[in-house]
Every structure is written in C-alpha cells, then in structure tokens.
Amino acid sequence: MMARMAEAILAEGLVKRYGSVVALNGLDLAVPEGTVMGLLGPNGAGKTTAVRVLTTLLRADRGTARVAGLDVVADARELRGRIGLSGQYAAVDENLTGFENLDMVGRLYHLGRARSRERARELLERFDLVEAADRPVKGYSGGMRRRLDLAGALVARPSVLFLDEPTTGLDPRSRLGMWDVIAELVAGGTTLLLTTQYLEEADRLADRIAVIDHGRVIALGTADELKDQVGGERLELSVGSAQEAASARAALAPLAIGEIVLDERGHRLTVPVSGGAHVLVDGIRRLDAEAVKVLDIGLRRPTLDDVFLALTGHGAEERAEEERGA
Amino acid sequence: MSTFTQALGDGAVVAKRNLIKIKRVPDLLVFSTLSPIMFVLLFAYVFGGSIEIPGMDYREFLMAGIFAQTVIFGATITGSGLAEDMQKGVIDRFRSLPMARSAVLIGRTTSDLVNNALVIVVMSVTGLLVGWRIHSSFGEALAGFALLLLFAYAVSWGMAIVGLLVRSPEVFNNASFIVIFPLTFIANTFVQEGNLPGPLKTFAQWNPISAVTAAARELFGNTNPAFPAPDVWPLRHPVLTTLLWTVVLLLVFVPLATRQYRKAVSR
C-alpha cells in the first residue's frame, strides 16, 4: 500500500465513449510524486480526454482514478483546489488584463483579496509578463497567452500539474521559452502530466513516457528504454550513386547486426550497429579501404518518431495528418 | 463558509469579470442603450401623434412600456453572453477551479442586472427630456424601477437556459429577437390592449409583460383614475402579478439553468 501512496496520479481501466467513438479504451496510468509523465500520441489518441477525466472536467464511463490521493469523482471539489490545469487553448479572458485574469483565478481559489493580488504580481513577474500586466489579453501574442494560462494553473501552488499540449501552435522561439519555464517548474518538485504530439518535447521534459494510441497505453518507459525497444544505434550514410551504395553496403556488412536498409533513391543507407562511437570509426576505415566516396555519415540513436513507427506501424505526424484530413 | 455564501462570493467575482467587459468594450452598452432611446424618440414623435390614450399624454403612457421592453431585451444578454463563454476557453478555467458550480450563472445574471440598471438610468433621462414625468412618490418610483429589474432578472435565468442550449451567440440573438419582439408588442406596452382584436387582446391581457408594464405605470403614477384598468385579474393587480411571475419564473428557471450548465460543460 505504501507504494500506492507515492503515486500522485493513479488511473485504472479508464473508458470513455462518445457514441461509437472510443476515446479511452481501458487506460491505465501511474505517475509517482515529483516526476514528469509525458503522454505521447497523435491527435485523437485520447490524450485530452484522459486529462479531462483526471482533472474532474469529464466523468469516465468506467474505471477509477485518484489524483493527489483524492478520487476524481467523489472528491472532485476538493481535488480542484489541489491541481492546476493548462489546456490546449489558452483559458484566459481576452477582455481582462493579465493581472485581472490571475487576480480572478486567485479569488476563485478563495485565496482572499490581498493574497490573490500578491500572487498575481508574483506570477506575472515570474512569467515575464510585468510590462503587459495591465493591458487587455486581446493584444497578447500566442506565447504570452500560453504563459498567462500556465500562470493561472499555478496560482494555488498545485501539487499536481496537468499541461495539455502546452506548446501546440507556438512558434519555435516561444516553444523553447515554454520548455524552459516548464523545466524550471519541474525542478521545483511539482508532479507533472504533460501531453504532447511532439516527440522532442516528451524526450526533453518527461522522466517517463506513456505512448498512447486509440485510447490506451501501448508502451511505457523512459525515453531511452523506449528507444531500446526499437533497437540500438544506426550508422547512416549518404553516397553519390547507386553503385557507390552497393560498395558501401558490402564494406559495412560485417558491422551490421541487422538488415541494412537502402532508401528509395538508393543513395542513403541505414545500418543497425552496436558499439557506440567506436563502430563509427571502424565503419569509416572500412569505407576508406574500399575507396567509397561518402557524402555524409553519422551515428544516430533512434528518435521517438522511430519508436512510434515501430509500435504503431505508422508515424506520429502521419497519423496526425490523417486525422486532420478526415 | 456555507455553500450558499460561497456561491454568492464566487458569483460576485464572475460578475466583476463581466462588468469589466462593459468597461473595455463600451460599444455593447452604447448599442444596448441607443436602440431604446431610438424607440422612445420614434414612438414619441412618429406614432405619438396618431395614438390616442384617453385621459393622458401618450409619452406618459409610453415610457413604462419602453422600460419593460428594454429590460427584457437587456435580459437576453445573459443568453448571448453565456453562449459566447461556452465557445471560449475561459469556461474550462472556471471548471477546473474549486468554485461553486452556480457561480458562472449567478455572476452572469448579476452583471446583466447591473447593465439593465445602467440602461434604465439613461432611458429615464431621455424620457424626462421628451416630456415624461413621474407623478408618484420617490419610494413608489423606486419600487417601479426595482420591479422592472427584478422581473428582467428572472427572465435572465430563462435566457441562460436557451443560451446554454444553442451555444452560439449569433443563433441566440436571432432566435431571441423573433420571440421577444412580438411578445413585447402583443401587450399594453405601446398601445392599449383593449383595442387589439379578439385572441390578441386575451393574450395581451394575460401576457406577463403587460402586468409588468401596468405595474410600472401604476408605480410611476402614469395612470388616470378616471380610466380604470380592464376587468382582468392580472391587470387589476399588476404589482402582485409581476411579483408572482417573478417568483414562478425563478423557481422554474434557476434549477433548469443550473442543470443545463452542468450538462453543457461536461462534454
């Protein structure tokens, strides 16, 4: 039982249907206190539904969930006082200023007038919004809105934080800024559940990643563990012609621990290997000995994109495209 | 803190948020006041000459009717405001907070009440300028305004239900217009209901808007004792009728609106 106490989030067998669409199909999830769990999956995988159930916004058809030791249905009201949520679309009021937005949230957490104002000022400072504090949110950029929304989620110093696709739709610079802010939060010991369809984001921020597809977890582990599931390193190289590729293939065959893959154009090879940097040096020697002209060569660890492809048979982005097209 | 006082406290916070919007987007208030002013002027100067009200000046008669129509239209803001909120993310923030579930509705209806009060002030000034006068005591006049606002407050809760159902401010506005326009016209607001043809006359006499209008007329002293009200119970006891309607509407609409809110946000 002690082990259970340490889980900040514990979901068992969550099911949620919308008519014939199954959004959650027996989702299990356990997030230990003080850790970051990345919920990774394409659009429509059930990430947002999971977050809505765990934050009491939605009731699951079946299954149970406890967050911060409280049941999401029976103790919903009390739980809302202990968690913070920042959604996919910034939940801020456009007509209010940044300060007024945070002050209002503080009042609705029942912090009292003085404490709400103080907290609003603190958070505006922390999220670099002091200059914009007294301007209506209408004029804020997307990145500023997201920061304000995240600040709103932190008003009551929640012990568990939920961020639903915190950087979707942000430009690359705002995304990096958001990552820094989140990393800082996590360093402070907050338990975080983060959903994302960006593999890089999960890799960078999460301690553990749950890959979710069609409403259930299909793989779970650290980024490294997931990558190991797909296989170790690959040597990737480009050559100028199909002929060169054939010689390269012959030269590297002794190093390969699996099938060597040639791309469609026949100029790029992927060789599964093991042994780290050493194998790269060895590979280059062999190519040189055969006088193969190499345009580019590198040792690559699999990305989470490869993981997704290996687990689901389709890439994450690809599926997202499909969903959007449908 | 009891649940009820907490709901009121949270409602006040939400009301403040809605009122800030009036300050930031003043066009809303300007337009919701301009149209009643236009009505006062049109009726007073265009129809005023052709409509005969025995025993009194038409402008005296008109104002209570315009007040009634205006506060009812003011109450529709509750529906469009909620519909708009439902489309925006801020409702998700509200939902994730440990606040009273009813606070969004309490806040919305309260800020619309304040909005209506502001509009009434502007209209009263316009009315006084075109020759309307209050012939009763200060207390009675105040009671007249209070009754108008109270009735509109109850109507607000009904509008909330519709707003939450349609979830689109545009659809709501169009729908409410085609219902409320005839409802406020088939009444004693602008003409004497006694002159309406058969079924319309009966409808007008039992229309709660007629009772509100008659009550306001009575409390403002805009009646002539030589011409008593028609012999229909609601118009003989307009103040009591209005109060009864208000209570009934609140008893029906408040629980329904709260239930609809719960349903609307838990998708």
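Q: Which residues have the most contacts inside the largest nonpolar core?
A: They are Leu54(A), Val67(A), Leu193(A), Phe67(B), Leu148(B) and Ala216(B), in a core of 140 residues. A core here joins buried Ala, Val, Leu, Ile, Met, Phe, Trp, Tyr and Cys through C-beta atoms within 7 Å (buried: 20 or more other C-beta atoms within 10 Å, C-beta atoms being placed from the backbone). This is a predicted model, where local features need pLDDT of at least 70 and side-chain atom pairs 80 or more, while totals for chains, interfaces and linings use all residues. Residues count from 1 along each chain as written, with chains lettered from A and ligands numbered from 1 in written order.

Q: New topic: what order do the strands of the open sheet in chain A take?
A: The six strands run E6-E7-E8-E3-E9-E10, with mixed pairing (at least two DSSP bridges make a pair).

Q: Which strands stand at the edges?
A: E6 (83-86) and E10 (216-221) of chain A; each has a single partner strand, so one side of each lacks a neighbour in the sheet.

Q: In which sense do E3 and E8 of chain A pair, parallel or antiparallel?
A: Parallel, over five bridges, joining residues 36-40 of E3 with 191-196 of E8. Leu40(A) sits opposite Thr196(A) there.

Terms used. A residue is buried if 20 or more other C-beta atoms lie within 10 Å of its own, exposed if 12 or fewer, and partly exposed in between; C-beta atoms are placed from the backbone. Helices (H or I, at least four residues) and strands (E, at least two) are DSSP runs, numbered from the N terminus.
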